Amino acid sequence: MKKIHVTTKINGDTVEFLCDPRETLLDVLRDRLGLTGAKEGCGTGDCGACSVTVDGRLTCSCLMLGVEAEGHEIGTVEGIADGEELHPLQKKFIEYAALQCGICTPGILVAAKNLLERNPDPTEEEVRYWLAGNLCRCTGYDKIIRAVLDTAAEMREAS
Amino acid sequence: MPEVHLWSGLRALAGGREVVEVEGRTVGELLDALVAAYPALKEPIEAGVSVAVDGRVIASALNEPVRPDSEIYLMQRLRGG
Amino acid sequence: MALDEYKPQKGGSELETDHQFKYVGTRPDRPDGFDKVTGRARFGADMYAPGMLHAAILRSPHAHARIVRIDTSKAEAMEGVKAVVTRADFSKNVPFAPGMAGEFWNILENVMAGEKVLYDGHAVAAVAATTPLIARDALKAIEVEYEILPHVTDVDEAMKPDAPVIREGAADKSVPEGMHPNVVRYHESGHGDVEAGFAEADLVIEDHFTTEATHQGYIEPHACLATLGSDGKGELWCCTQGHWYVQKVCAALLDLETANLRVTASEIGGGFGGKTTVFIEPVALALSRKANRPVKLVMSRSEVFRATGPTASASMDIKIGMKKDGTITAAKGEFRLQGGAFPGAPMEFTAMCAFACYNLKNVHQVGYDVMTNRPKQAAYRAPGSPMAAFAVESVIDELCNRLGLDPIEVRLKNAAREGTKASYGPTFPRIGLVETLEAAKAHPHYSAPLKPGQGRGISCGFWFNHGGETSVSLALSEDGSAQVMVGTPDIGGSRASMALMAAEVLGIPFEKIRVTIADTGSLGYNEISHGSRVTYASGLATIKAAQDAVRKLRQRAADKWGIDVEAVDWVDGCAVPSGPNAGDFDPLPLAEITKNMGATGGPISGHYEATPEGAGVSFATHIVDAEVDRETGSTRVVRYTVVQDAGKAIHPTYVEGQFQGGAAQGIGWALNEEYIYGPDGRLQNPGFLDYRIPVASDLPMIDTVIVEVPNPGHPYGVRGVGETSICPPLAAIANAVSNAAGVRLRDLPMRPSRILEELEKQQGDA
């Protein structure tokens with residue numbers, strides 16, 4: 001199938017690529033643009049490991065076609081840190097051991113950051129339901145939830 | 001001479017005995033002596049056994065020492081997740 | 001810290017477990033944390049190579065069929081297709097007797113079907129092409145003619161006389177005569193006289209239980225990047241729990257010299273036992289050899305469910321007798337496990353673990369390994385033990401309820417301890433079950449009031465743990481930092497534990513140590529990361545390798561000072577003169593020695609290779625509160641506490657993580673997860689939508705209590721912690737449900753429909 005030219009913004013940079021119209025945004029990010037932080041855990045939108053933001057909205061990049069990125073702004077895990085300075089969520093995830101194998105971590109960080117941008121003071125229940133679309137098989141979520149809640153508290157104090 | 005306890009499934013292959021006495025200073029020597037005394041044990045032993053020596057489960061090291069009064073149990077080989 | 005506050009150690013000597021640790025037991029940030037929160041860490045599918053092809057596998061839509069004909073010519077003719085392989089492209093030398101076969105043959109048969117497909121999802125051919133889309137299109141062009149055969153997927157059905165035979169002659173000699181050919185292995189063990197024991201009991205309960213197959217559910221599908229030339233030399237990058245094992249098996253399946261295949265383990269996105277074998281790696285290598293190009297092969301989630309190993313499903317009969325005072329007089333269990341279309345269901349562990357928590361005069365257990373038309377089971381966290389604990393601990397709970405006894409007191413009364421003759425034979429050395437029960441009893445959770453509709457359950461669990469072949473190298477740098485090379489993939493933070501243990505021996509800060517997972521070309525053989533062995537065995541080898549380096553450091557100091565090496569101690573990162581020379585020289589820090597090491601005898605490294613056999617067995621006690629919705633039948637876990645013996649927690653945060661993760665997987669097994677086969681023998685739920693693992697909103701916080709009863713087989717007392725935590729949850733939740741709703745669930749999962757059914761029966765009875 002003939003490839004299509006797409007112009008988009010990823011983590012603040014304008015990016016152009018050619019892709020087959022059958023390729024997902026996740027395929028494009030990983031195989032064409034070298035952004036392998038987003039992971040494919042299921043390909044059906046059930047696990048959240050491929051989570052990105054599209055114009056600020058949390059999205060499974062495996063459920064969106066690459067060509068649909070035309071004109072939109074995409075945010076991935078690679079764009080969460082500010083230069084060499086990790087985002088408070090990233091620091092807390094390391095401090096709390098909120099990851100074991102780490103495969104779900106990029107998706108969970110993208111989702112958690114998106115939550116805190118909308119709701120700087122979430123309850124435990126709100127964090128649990130917001131992250132219900134991001135599967136983690138290692139941790140039982142305990143340390144993830146604690147890391148997100150503590151990050152929120154710290155960011156509120158800092159602001 | 002060390003006494004070796006067999007799990008029930010092995011007993012039919014050793015003349016119905018639950019405990020057999022064989023010479024050996026190491027786990028490997030014991031297993032060799034067992035096969036020499038009861039050739040029918042060759043297949044299950046080669047398929048893989050663990051040997052509990054005084055409560056410690058030896059999964060593969062044939063050079064582990066055995067004392068004459070050691071408590072020895074054959075067990076099916078351990079695998080884990 | 002002043003030198004005299006820190007107990008000096010001789011390099012190379014055994015350390016004591018009551019030793020005052022400086023680094024062990026602290027909670028530093030894991031060394032690979034930065035990579036894993038930034039997306040930089042490279043997992044199985046994150047590797048690319050110049051000229052790389054993409055591969056895809058054609059899988060059987062049938063549960064059981066003879067392959068009459070495969071025609072790959074149309075696929076081969078497609079533009080962009082560079083290679084197609086079938087079974088003909090693998091070794092013909094793998095030992096294959098028409099009867100029984102050996103594990104290599106089983107693996108080869110599972111990797112690529114031979115004469116028959118044995119389950120829905122069994123691989124029959126594979127394609128490598130220039131793009132993933134072309135590879136997938138080419139699969140549709142492969143023609144396979146099948147002769148469909150009758151199938152069976154249920155363990156009890158597969159043992160019936162008229163059940164279809166999966167493979168004639170697969171049974172080994174342990175199987176008693178007269179059994180169906182699908183029964184391929186048999187186990188029997190125990191001691192005493194169970195019938196006499198039952199006669200002594202005041203109450204005997206006999207019951208039947210089943211558990212369904214569950215998948216390890218790692219979020220990362222299997223993935224690899226293979227390069228193999230017709231010169232027989234290759235490189236393989238893959239996500240695996242054990243790359244030396246992958247090297248060995250792939251070499252055998254493809255007729256290579258083992259050393260000519262170098263395997264590098266990627267970061268691994270979960271395994272839990274499911275990545276202890278090979279599925280796609282030999283296929284990618286065969287395609288690469290044929291195409292003479294690097295080949296990347298990544299499984300889809302549905303392939304993971306259909307064609308990689310779930311755990312075995314089980315059908316079990318348990319009979320236990322108890323006196324009015326709670327003494328167990330006898331226990332008997334029969335365990336029938338199906339492990340798919342190959343021998344290997346871990347029924348001997350089910351049998352051996354079933355009653356291991358208790359001191360029993362009379363005990364007898366029998367196990368059957370049964371073949372069905374399902375994927376080849378793979379290890380899953382304490383393989384075989386959780387289902388046994390579900391059945392046994394449910395019956396014990398029922399006995400306690402009927403006799404009006406406290407479930408922890410009864411377990412304490414009967415608990416195995418040092419000197420107890422284990423249900424599987426030998427005498428227990430120092431173990432920590434009683435300590436976990438005492439800690440559970442003392443925990444505020446156990447006495448907290450329950451809300452209406454809630455019930456509390458407890459259960460114990462047991463797992464053996466394992467040591468295994470291990471090599472570790474440690475190299476010092478001129479600036480006094482150290483690199484540690486281990487061969488066990490880091491699934492859950494083990495680099496941090498290794499660095500802590502190395503820091504402890506060397507006496508240098510954790511941050512000065514870099515731990516690398518070495519490839520197969522850089523270190524001697526290492527067994528798979530399984531059996532909860534990493535912190536135990538690689539940890540022990542790291543300690544010994546560091547001690548080896550310390551011995552060399554002491555020698556350099558002795559040379560410099562002109563005294564005997566025995567007169568040099570190693571204290572807090574410095575060589576210190578001792579005995580008659582004490583105080584003669586200033587302490588010589590590690591970095592001062594390494595600074596000039598090239599000129600004082602050459603580089604300083606430490607090595608250790610061995611098969612440590614002192615892995616201590618491990619016990620846990622879990623407490624759970626569950627709430628049952630009597631209208632919908634759904635169960636919610638509202639409070640959970642894990643108490644487990646870790647021997648010694650090297651990095652307590654990651655020990656807690658293992659406890660919590662095992663509990664969460666157990667909760668999924670208890671309430672939601674199951675392989676569902678249709679009457680056509682096809683898996684009906686090969687995706688995370690229909691195979692529902694616990695999500696964040698399903699679970700409460702999971703409290704943990706780390707009990708430390710040191711394991712004498714490890715210098716610091718470590719016992720493996722990874723597996724035992726999945727053993728108690730199944731029964732603990734069933735017991736909580738029983739106490740919450742008055743219904744006893746004997747079949748897992750306890751899905752709402754099953755609970756409603758039991759509640760309806762309960763109302764009918766009332």
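Me: What percentage of the 159 residues of chain A count as buried?
Reply: This is a predicted model, so burial is a count of C-beta atoms around each residue: 20 or more others within 10 Å make it buried. For the 159 residues of chain A, the buried share is 58%.

Me: How does the radius of gyration of chain A sit against a compact globule?
Reply: Along the principal axes, the C-alpha trace of chain A spans about 50 × 30 × 25 Å. A compact globule with 159 residues would have a radius of gyration near 15 Å. The value for chain A agrees, at 16 Å.

Me: What pattern of helices and strands does chain A follow along the sequence?
Reply: Chain A has five helices and five strands. Among its contacts between residues at least 6 apart in sequence, 58% join residues at least 24 apart. Read along the sequence, the pattern is β-β-α-β-β-β-α-α-α-α.

Me: Which chains share the most contacts?
Reply: Two pairs of chains are in contact.

Me: Which helix of chain C gives the most to the side that touches chain A?
Reply: The contact takes 42 residues from chain C and 44 residues from chain A. On the chain C side, helix 1 (33–38) and helix 18 (652–671) each supply at least two residues. The top contributor, with seven residues, is helix 18 of chain C.

Me: How do the residues of the side of chain C that touches chain A divide into nonpolar, polar and charged?
Reply: This side holds the 42 residues that chain C brings to the contact with chain A. They divide into 20 nonpolar, 15 polar and seven charged.

Me: Which strand of chain B gives the most to the side that touches chain C?
Reply: This contact takes 23 residues from chain B and 36 residues from chain C. Helix 1 (8–11), helix 3 (42–47), strand 4 (56–58) and strand 5 (71–76) of chain B each give two or more residues. The most, four residues, comes from strand 5 of chain B.

Me: How many residues of the side of chain B that touches chain C are charged?
Reply: Chain B brings 23 residues to this contact. Of these, 10 are nonpolar and eight are polar. The charged ones number five.

Me: In what order do the elements of chain B run from the N terminus on?
Reply: Chain B has three helices and five strands. Its C-alpha atoms fill a box of roughly 30 × 30 × 15 Å. Of its 81 residues, 42% count as buried. From the N terminus on, the order is β-α-β-α-α-β-β-β.

Me: How does the radius of gyration of chain C compare with that of a compact globule?
Reply: Chain C has 20 helices and 26 strands. Buried residues make up 61% of its 766 residues. A compact globule with 766 residues would have a radius of gyration near 27 Å. Chain C agrees with that, at 28 Å.

Me: Where in chain C does pLDDT stay under 50?
Reply: The mean pLDDT of chain C is 94, and 96% of its residues reach 70 or more. One stretch under 50 is residues 1–16, with 24 contacts beyond four places in sequence. Another, with seven such contacts, is residues 96–100.

Me: Why do the buried residues of helix 12 of chain C lie on the same side?
Reply: The buried residues of helix 12 (residues 407–414) are C:Pro407, C:Ile408, C:Val410 and C:Arg411. They pack against helix 11 (385–403), helix 13 (433–442) and strand 16 (454–463) of chain C. They lie on the same side of helix 12 because they cover an arc of only 160 degrees around the axis.

Me: Which residues touch the most other members of the largest nonpolar core?
Reply: This core has 328 residues. Helix 16 (residues 534–561) of chain C gives the most to it, with 12 residues. The residues that touch the most other members are C:Val283, C:Ala502 and C:Ile733.

Me: Beyond four places in sequence, what is C:Ile733 in contact with?
Reply: C:Ile733 belongs to the largest nonpolar core. Leaving aside neighbours within four places, its contacts are C:Gly457, C:Val624, C:Ala626, C:Val637, C:Ile667, C:Ala670 and C:Leu671.

Terms used. Residues are numbered from 1 along each chain as its sequence is written. Chains are lettered from A and ligands numbered from 1 in the order in which they are written. This is a predicted model: local features need pLDDT of at least 70, side-chain atom pairs count only at pLDDT 80 or more; totals for chains, interfaces and linings use all residues. Ala, Val, Leu, Ile, Met, Phe, Trp, Tyr, Cys and Pro count as nonpolar, Asp, Glu, Lys and Arg as charged, and the others, Gly among them, as polar. pLDDT is the predictor's confidence in each residue, from 0 to 100. The radius of gyration is taken over C-alpha atoms; the globule rule is 2.2 Å times the number of residues to the power 0.38. A residue is buried if 20 or more other C-beta atoms lie within 10 Å of its own, exposed if 12 or fewer, and partly exposed in between; C-beta atoms are placed from the backbone. The arc is that of the directions from the helix axis to the C-beta atoms. A nonpolar core is a set of buried Ala, Val, Leu, Ile, Met, Phe, Trp, Tyr and Cys residues joined through C-beta atoms within 7 Å.
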